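Here are my notes for a first look at this one. Have the structure open while you read.

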Amino acid sequence: MSRNEASRLKSEGLDCEHLFLGLLKEGGGVAAACLQELRIAPGNLRREIESRLARGKTTANLGDIPFTLAAKKALEYAVEY
């Protein structure tokens with residue numbers, strides 16, 4: 001889902017924001033529970049994240065969008081903890 005978000009936004013790299021947008025798209029799990037506990041509306045958060053992301057100019061194939069270093073680290077930490 002994160003790759004789809006990065007592609008939709010025409011991003012050159014899959015970053016942490018795309019990971020989070022993917023979690024929001026999923027609509028369940030720990031991320032959704034945390035947002036509900038904090039009384040944050042997922043739709044509002046999605047719009048805020050998207051407004052802060054720079055949009056690219058070209059559409060890459062899903063498999064061609066590389067992870068940024070920050071996204072790689074976030075995934076490594078998620079696996080460790």
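1. Let's start with K25, which sits in helix α2. Helices here are DSSP runs (H or I, at least four residues), numbered from the N terminus. Leaving aside residues up to four places away in sequence, K25 touches M1, E5 and R46, where contact means heavy atoms within 4.5 Å. N44 is 19 residues from K25 in sequence, and their C-alpha atoms lie 13 Å apart in space.

2. A word on what you're looking at: this is a predicted model, so to speak of local features takes pLDDT of at least 70 and side-chain atom pairs count only at pLDDT 80 or more, while totals for chains, interfaces and linings use all residues. Residues are numbered from 1 along each chain as its sequence is written, and side-chain values use heavy atoms, with hydrogens and water left out.

3. Now for the helix pair. Two packed helices are described by the angle between their axes and the distance between the axes. Helix α2 (residues 16–26) and helix α4 (residues 42–52) have axes that come within 11 Å and cross at roughly 155°. Those axes are lines fitted to C-alpha atoms, for helices over the stretch in contact, with angles running from 0 to 180 degrees between N-to-C directions. α2 and α4 are therefore roughly antiparallel to each other (angles over 145 degrees count as such; under 35 is roughly parallel, 65 to 115 roughly perpendicular and the rest oblique).

4. Which residues in α2 and α4 meet? From α2 come E17, F20, L21, L24 and K25; from α4 come P42, L45, R46, I49 and E50. The residues of this contact divide into six nonpolar, no polar and four charged. Nonpolar covers Ala, Val, Leu, Ile, Met, Phe, Trp, Tyr, Cys and Pro; Asp, Glu, Lys and Arg are charged; the others, Gly among them, are polar.

5. On to the cysteines. C16 is partly exposed, at 31% relative accessible area (buried is under 20%, exposed over 50%, partly exposed in between, with a 1.4 Å probe and protein chains only). C34 also counts as partly exposed, at 41% relative accessibility.

6. Last stop: L69, found in helix α5 (residues 69–80). Is L69 buried or exposed? L69 is exposed, with a relative accessible area of 64%. L14 is 55 residues from L69 along the chain, and their C-alpha atoms are separated by 9.3 Å.

Conventions:
Helix = DSSP H or I, 4+ residues; strand = E, 2+ residues; numbered from the N terminus.
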